[in-house]
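I opened this notebook to keep track of what I looked up in the structure, entry by entry. The sequence and the coordinates come next, and my notes follow.

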Amino acid sequence: MLILGMESSCDETSVAVIDGETRKILSNIVASQVDVHRLYGGVVPEIASRAHIETISKITYEALDSAGVTISDIGAIAVTANPGLIGALLVGVNFAKSLAFSRNIPLVAVNHVKAHAAAAYLADPTLEPPFLALIVSGGHTSIFEVTDHRTFNTIGSTRDDAAGEAFDKIGRVIGMPYPGGAALDKLAYEGDPTALKLPSPALLGDNLDFSFSGIKTAALNYINSEKMKGGELNTADIAASYTKAVVDALAKKCDIALSRTGYRRMVLAGGVAANSHLRAAIGKICDKNGADLTVPPISLCGDNAAMVAMAGYFEYVAECFSGTELNASAND
């Protein structure tokens, strides 16, 4: 069963072909806009939408050619419909609707956050629910109880900013190239993780929630204070201390979640799942709780259409089809 997946929720245009039954990726084309948005220090929604329009048709042909198939071989088209930048989402949704309608191919809508979790099925074809999933990206930070392929119960989430946005913000302030998360990850190994005292993003109380606004403000205040004093910033110490505080908070809540729920399998996914410090910390927590951990390879952590196609396969099996009335939504 071949699924054609399409992803355009932010600044990556991606189209992929997978075999849903075997969970095998036949092609996964990603057209990045990083170089364009780097000029502005972050994603400019209008520019992102325009780039999607210019790219999506071309890479659809490329994905089909790379997979060695034609559109006639496709059993269903899966497209990210929410959440994300509304203009960017509309490009993918409208293109997918037009293609599906013109070729009489079933269309399924996919939630972007669930798609990140579905990347784990491509990494480990034997993986099956139930399990806990920590999804960490530039726009989302949540702990889910995944009871079946399509059912996600939120048991913890951020109450304000996402971890990925928090990494990118501080990375940008200390001079890291956009996106700042990857550069911050590398720089953190060169600094002292105890150099700065920063508030924990793990909220107090009987909950599994986070808040990243406080640690961002504290780090920014420290950086601005040092600049006003005319001192030279030790960016490695800032990166190390900030990374440790964020990672420790995520690991702490996952530790509690595993202990509380009794699950012995966990998935770590999303763009921030590429962070080496986080991968190591969650690995230790899983070892402590006797849980197996599945983390997608780096290539499947960021936004990509293979994960959308995988999530779409489960929507197809459940016969949860969409028609020409499908619309995009910026929210979950």
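In which loop does Pro83 lie? I found Pro83 in the loop between strand E4 (76-82) and H3, where helices (H or I, at least four residues) and strands (E, at least two) are DSSP runs, numbered from the N terminus. Before going further I noted that this is a predicted model, in which local features need pLDDT of at least 70 and side-chain atom pairs count only at pLDDT 80 or more, while totals for chains, interfaces and linings use all residues. Residues are numbered from 1 along each chain as its sequence is written, and side-chain values use heavy atoms, with hydrogens and water left out.

**Entry: backbone**

Asn104, which is not a glycine, has a positive phi of about 55°; it sits in the loop between H3 and strand E5 (107-111) and is exposed, with a relative accessible area of 72%. For that term I used these cut-offs: buried is under 20% relative accessible area, exposed is over 50%, and partly exposed is in between (1.4 Å probe, protein chains only). Glu319 also has a positive phi, near 55°, in the segment after helix H10 (305-317), and at 61% relative accessibility Glu319 counts as exposed.

**Entry: salt bridges**

I took a salt bridge to be a side-chain nitrogen of Lys or Arg within 4 Å of a carboxyl oxygen of Asp or Glu, and by this rule the count is 12. In one of them, Asp209 and Arg159 meet at 3.0 Å, N to O. Asp209 is in the loop between helix H6 (180-187) and helix H7 (213-228) and Arg159 in the loop between strand E8 (152-157) and helix H5 (163-173), so the pair ties together parts 50 residues apart in sequence. Asp209 is buried at 14% relative accessibility, whereas Arg159 is exposed at 56%.

I then checked Lys216 and Asp161, whose closest N and O atoms are 3.1 Å apart; Lys216 is in helix H7 and Asp161 in the loop between E8 and H5, 55 residues apart. Lys216 is buried at 11%, and Asp161 is partly exposed at 23%. I also noted that Asp124, Arg265 and Asp292 are linked in a network of salt bridges.

**Entry: helix H2**

Helix H2 (residues 45-67) has 23 residues and reaches 31 Å from its first C-alpha to its last, close to the 33 Å expected at 1.5 Å a residue, the expected span being 1.5 Å times one less than the number of residues. I noted a bend of about 40° at Thr55, taken as the angle between axes fitted to the seven residues ending there and the seven starting there. Just after H2, Gly68 takes a positive phi of about 75°.

**Entry: Ser241**

Ser241 is in helix H8 and is buried, at 2% relative accessibility. Its contacts (heavy atoms within 4.5 Å) include Asp192, Pro193 and Thr194.

Note on methods
Lists of a residue's contacts leave out its neighbours within four places in sequence.
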